[in-house]
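Hello,

Here is the structure I promised to pass on to you.

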Amino acid sequence: MKRPVIVFDLDGTLIDTAPDLLDSLNHCLSGTGLPVVDQSDFKRFVGMGGRVMIERAHAAAQRDLAEAEHERLLQLFVEHYSSGIPGKSRPYPGVPEAIARFEKAGYALAICTNKYEAHSVALIEGLGLARHFAAIAGQDT
């Protein structure tokens, strides 16, 4: 008999990655003339990955975003984010305990996220949680 499986989202579900995503968004926007995004306003921008966060920041400032510039900013975002993993990101309170309880109850655990797989693996490994997950799938896998 196969074990039942629980598949989790990553960002905003298991791990609070908002501080690092905000830092990377502001890093890529520096020098564009757009205002920095503050923590209290960040929820308007987060979700659906770095590309969409950059689009939302430009839309909020009522600024056009050419495709070449969008790609350049996305590359800056990804480079900044990936260089600091796990950075300030931490599991939400109770997540490690819940994972342990699910494992003890016989569940296999997996992650499916819109984050790149390499970043997801690096994050989970950096936080010491990798041993708990049978599979991690990102937007590129």
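**Around His58**

Not counting residues up to four places away in sequence, His58 touches Leu29, Leu34, Arg63, Asp64, Leu65 and Leu73, where contact means heavy atoms within 4.5 Å. His58 is found in helix H2; helices (H or I, at least four residues) and strands (E, at least two) are DSSP runs, numbered from the N terminus. His58 counts as buried because its relative accessible area is 4%. For that term, buried means under 20% relative accessible area, exposed over 50%, and partly exposed in between, with a 1.4 Å probe and protein chains only.

Before you read on, please keep in mind that this is a predicted model, in which local features need pLDDT of at least 70 and side-chain atom pairs count only at pLDDT 80 or more, while totals for chains, interfaces and linings use all residues. Residues are numbered from 1 along each chain as its sequence is written, and side-chain values use heavy atoms, with hydrogens and water left out.

**A buried lysine**

Another residue to look at is Lys115, in the loop between strand E4 (108–112) and helix H5 (117–126). Is Lys115 buried or exposed? With a relative accessible area of 8%, Lys115 is buried. Leaving aside neighbours within four places in sequence, Lys115 is in contact with Leu10, Asp11, Tyr81, Ser120, Leu123, Gly138 and Gln139.

The largest nonpolar core has 33 residues. By nonpolar core I mean a set of buried Ala, Val, Leu, Ile, Met, Phe, Trp, Tyr and Cys residues joined through side-chain atoms within 4.5 Å. The residues with the most contacts inside this core are Leu14, Ile15, Leu25, Phe42, Phe77, Ile124 and Phe133. Two or more residues come from each of strand E1 (5–8), helix H1 (18–29), helix H2 (50–60), helix H3 (67–83), helix H4 (95–104), E4 and H5. As for Leu14, its contacts beyond four places in sequence are Phe8, Asp9, Arg90, Pro91, Tyr92, Val95, Ile111 and Phe133.

H1 has 12 residues and reaches 16 Å from its first C-alpha to its last, close to the 16 Å expected at 1.5 Å a residue; the expected span is 1.5 Å times one less than the number of residues. The buried residues in H1 are Asp20, Leu21, Leu22, Ser24, Leu25, Asn26, Cys28 and Leu29, and what covers them includes H2 and H3. Just after H1, Gly31 takes a positive phi of about 90°.

**The sheet**

There is an open sheet of 3 strands in the order E1-E4-E5, with parallel pairing. E1 and strand E5 (135–137) stand at the edges with a single partner strand each, so one side of each is left without a neighbour in the sheet. E1 and E4 run parallel and are joined by 4 bridges; two strands pair if DSSP finds at least two bridges between them. Val5 stands opposite Ala108 in E4.

**Aromatic rings**

You will find 3 aromatic pairs in the structure. Rings of Phe, Tyr and Trp (its six-membered ring) pair if their centres lie within 6.5 Å, and planes under 30 degrees apart count as stacked, over 60 as edge-to-face and the rest as tilted. The rings of Phe8 and Phe102 have centres 6.2 Å apart and planes at 45°, so this pair is tilted. The pair links distant parts of the chain, with Phe8 in strand E1 and Phe102 in helix H4, 94 residues apart. Phe102 also pairs with Tyr107: their ring centres are 5.9 Å apart and their planes at 80°, so the pair is edge-to-face. Phe8, Phe102 and Tyr107 form one aromatic cluster. Phe8 is buried at 14% relative accessible area, whereas Phe102 is partly exposed at 29%, and Tyr107 is partly exposed at 29%.

**Backbone details in the loops**

Which peptide bond is cis, with omega near 5°? The bond from Ile85 to Pro86 is, and Pro86 has its place in the loop between H3 and strand E3 (90–91).

Met48, in the loop between H1 and H2, has a positive phi of about 75° although it is not a glycine. Met48 counts as exposed, at 62% relative accessibility. Gln62, in the loop between H2 and H3, has a positive phi of about 55° and is not a glycine either. Gln62 counts as exposed at 76% relative accessibility.

Best wishes
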